[in-house]
Amino acid sequence: MKRILAIISIIVLVYTFVGLASVDKRYFICPIDYKGDILIRNDNHGSGLFASNRSGSRVHKGIDLLADVGVAVSAAKSGRVLSATQNHGMGKYVIIRHAGNYITIYGHLSEILVRKNDYVRQCQVIGRVGKTGNARARDMLPHLHFEIRKKGLPQDPLEYI
Ligand SMILES: [Zn+2]
């Protein structure tokens with residue numbers, strides 16, 4: 001009898017942890033408000049899927065969400081803006097820190113609508129899709145470069161949104 005109880009307890013514990021992990025994932029929304037399916041960039045410059053090949057031996061650390069320049073980009077989850085700046089590769093980009101050791105990154109924006117240290121709500125518009133940084137090439141389709149990292153490790157955003 002004791003053994004059965006122990007087994008049942010273990011099963012309940014496992015289900016609880018699995019349940020919590022999936023609840024964690026459900027808190028992210030797609031930063032582009034698609035009316036239908038999520039659209040991933042696939043053009044002359046390659047695939048926008050997670051872990052697809054990039055120049056050198058690099059791999060893509062996020063996904064490229066197809067959207068026209070100017071389309072609103074929303075926070076995938078509530079959090080605090082860690083940076084809102086620009087560099088050569090990402091162009092104008094925003095990084096948001098979330099509970100649970102997550103950060104999300106939004107790159108190649110045309111416009112940034114938040115500032116460092118701002119608190120943002122989930123779904124709040126934080127910027128607009130653009131073609132800045134590595135996305136400047138004329139024959140590259142406009143898109144949002146979107147990353148989710150957990151404890152610094154890139155995750156496949158399609159498993160979250
Ligand atoms: Zn990308």
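Colleague: Is Lys35 buried or exposed?

Modeller: This is a predicted model, and in it Lys35 counts as exposed, because its relative accessibility is 76%.

Colleague: And which residue does the Lys35 side chain meet in a salt bridge?

Modeller: The side chain of Lys35 meets that of Asp33, with a distance of 3.1 Å from N to O, and Asp33 is likewise exposed, at a relative accessible area of 59%.

Colleague: How many salt bridges does the count come to?

Modeller: The count comes to six salt bridges; one of them is between Glu111 and Arg128, where the closest N and O atoms are 3.9 Å apart. Glu111 lies in strand 7 (residues 102-112) and Arg128 in strand 9 (residues 125-129), so this pair ties together parts that are 17 residues apart in sequence.

Colleague: What about the accessibility of Glu111 and Arg128?

Modeller: Glu111 is partly exposed, with a relative accessible area of 37%, and Arg128 also counts as partly exposed, at 30% relative accessibility.

Colleague: Switching to the metal, which residues are the protein donors of the zinc ion?

Modeller: Asp64 comes up again here, through OD, together with His60 through NE2 and His145 through ND1, and these donors lie 2.0 to 2.1 Å from the zinc ion.

Colleague: Last topic, then: how many disulfides does the structure hold?

Modeller: The structure holds zero disulfides. Cys30 is in none, and the nearest cysteine sulfur to its own is that of Cys123, 11 Å away. That distance rules out a disulfide here because the two sulfur atoms would have to be within 2.5 Å.

Colleague: Are those cysteines buried or exposed, starting with Cys30?

Modeller: Cys30 counts as buried, at 17% relative accessibility, whereas Cys123 counts as partly exposed, at 46%.

How values were computed:
Residues numbered from 1 in each chain as written. Predicted model: local features only at pLDDT ≥ 70, side-chain atom pairs only at ≥ 80, totals over all residues. Heavy atoms only, no water. Donors = N, O, S within 2.8 Å, 3.2 Å for Na, K, Ca; no water. Salt bridge = Lys/Arg side-chain N within 4 Å of Asp/Glu carboxyl O. Buried < 20%, exposed > 50% of the residue type's maximum accessible area, 1.4 Å probe, protein only. Helix = DSSP H or I, 4+ residues; strand = E, 2+ residues; numbered from the N terminus.
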